[in-house]
Amino acid sequence: MVVGWRWYLGGCAIGAVVYNLIPSDPVQAVIATVLHLSGAVAIVAGVRRHRPAPRWPWYALAVNVALFATADVAYWLQTVLLRRDVFPSIADALYVPSSIMLIVALIGFARARRTGLDIPGLLDALILSTGGAMLAWLYVIAPTARLGDLTLLGRAVSLAYPILALLGLTVLLRVAIGSGRRPAAYRMLLIGVITLLATDTTYTLLELHDAYAAGGVLDIGWMVTHVLFGAAALHPAMATVSQPTPPPAEGMISRCRLIAMATAGLMAPLVLTIEWLQDDPLDVPVVVAGSVLLFLLVMARLHGVVGLLAASLAVARGQAHTDQLTGLANRRQFHARWEQTLAGGTGPTALLYVDLDGFKAVNDTLGHETGDAVLEAVAGRISQAVRVSDLVARLGGDEFAVILPGATDEQAAGIAARIVEAVAEPIPVGGVPVRVGASIGVITAPAGADPEGEIKRADTAMYAAKAAGRGRVHIT
């Protein structure tokens, strides 16, 4: 299995060398056709051997290569055998659908690899391709549109090639951007598409200056593309190319991607500068449209980044003030609320200092997992026993505190008694009832009192409750 794709690459490499060494049009035509068709055959063979899911993107890729090979045969027959230079020709009627099938295949791979929408990846791909479109307009699309010796059909076909290449670049970026496995088959597939786009772009530029000649080194680019497609399909890892992968976190931008996006954003002023330096007509409407599109895409991307930062800050803020096990306020939030309440001048405030009885034995005999389950249950019972305006906090270990703003001594005592009664009820953990108790110290602090001093007073009251027999309430 592993040797197959390597032998295929090696054999095709020999064919490419022979193609360059023998400058005979018939020989080069045969070699090019064989190499192109071998890519389509290898793709079908790879699909039948490795059975990827889904299969249709690979079959679309095989149709792309087969159409290109057929178009190439038509081109060679027209130029070499018949010595006719006709544009557009039957070859173009096959080359254009071939490019469309490549885009269809890439869309299939992009959809297969994404389990979600991955809006950030889509926006990044659109930003980069929009920047590329600005350069393509300057060097390829605009010069092609301004050619005066083409018929309407010829002009349409000429423009179809760079436009399809831009669409292919967009989908390629969509496939390449994001997380997921990148096996050798995936890399060969992407390198093949990149080689194809580079070759097509070079061909278009040469055609603008009537500098392209069949049988040259440029033709190797198309052969390399289709051979890499075939090798990717024959590779044992080809099935993983279309395996779904979770999208990255929204808003995440790597340094390389950020540099690429910044470069794309500078394409509009770059195009204007180049046209100004070359004393060419300024394509103001195109540049304005590209700038507006880039601005909107970047703003949409920044919206995702800002949303991610806001969510992260909210999570961090919650973690800074919340006990992770019980979901109650933590020691930091308790002290901040206690100091704020006493300094607010709203009247006396009651404080309950709660310590569990028998919890150490639970941890020692039943384990920390059971102990954690008991703490979560106790936290819920305390929260149900207090008022909506009260604050329940876990200070650490098996110690809890409850701030009762504006509560009288009788109200504080009643709430403390309800907590003792609720905690004393058996707690089912894994089908086994676990029993703990609660000793509570109760104080009432006047407005303006020293927060630390009042906490120590509540702690002393709690120890007095334990000394009196545990499972009790001691009011100071």
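The secondary structure of this protein comes to 16 helices and seven strands, where helices (H or I, at least four residues) and strands (E, at least two) are DSSP runs numbered from the N terminus. The radius of gyration is 36 Å, well over the 23 Å that the globule rule gives for 476 residues, so the protein is more spread out than a compact globule. That radius is taken over C-alpha atoms, and the globule rule is 2.2 Å times the number of residues to the power 0.38. Along its principal axes, the C-alpha trace spans about 110 × 55 × 30 Å.

This is a predicted model, in which local features need pLDDT of at least 70 and side-chain atom pairs count only at pLDDT 80 or more, while totals for chains, interfaces and linings use all residues. Residues are numbered from 1 along each chain as its sequence is written, and side-chain values use heavy atoms, with hydrogens and water left out.

Of the 476 residues, 46% are buried; buried means under 20% relative accessible area, exposed over 50%, and partly exposed in between (1.4 Å probe, protein chains only). Among contacts (heavy atoms within 4.5 Å) between residues at least 6 apart in sequence, 75% join residues at least 24 apart.

Two packed helices are described by the angle between their axes and the distance between the axes. The axes of helix 3 (residues 56-81) and helix 4 (residues 92-113) come within 8 Å and cross at roughly 165°. Axes here are lines fitted to C-alpha atoms, for helices over the stretch in contact, and angles run from 0 to 180 degrees between N-to-C directions. Helix 3 and helix 4 are therefore roughly antiparallel, a term for angles over 145 degrees. Their crossing is left-handed, meaning that the near helix is turned anticlockwise from the far one by less than a right angle. By class, the contact of helix 3 with helix 4 has 18 nonpolar, five polar and one charged residues. Ala, Val, Leu, Ile, Met, Phe, Trp, Tyr, Cys and Pro count as nonpolar, Asp, Glu, Lys and Arg as charged, and the others, Gly among them, as polar.

The loop between helix 2 (25-50) and helix 3 holds Pro54, and the peptide bond from Ala53 to Pro54 is cis, with omega near 0°. Arg51 lies in the loop between helix 2 and helix 3. Its phi is near 50°, a positive value in a residue other than glycine. Arg51 counts as exposed, at 55% relative accessibility.

Arg470, in the loop between helix 16 (451-467) and strand 7 (473-475), has a positive phi of about 65° although it is not a glycine. At 47% relative accessibility, Arg470 counts as partly exposed.

Technical notes:
Parallel < 35°, antiparallel > 145°, perpendicular 65-115°, else oblique.
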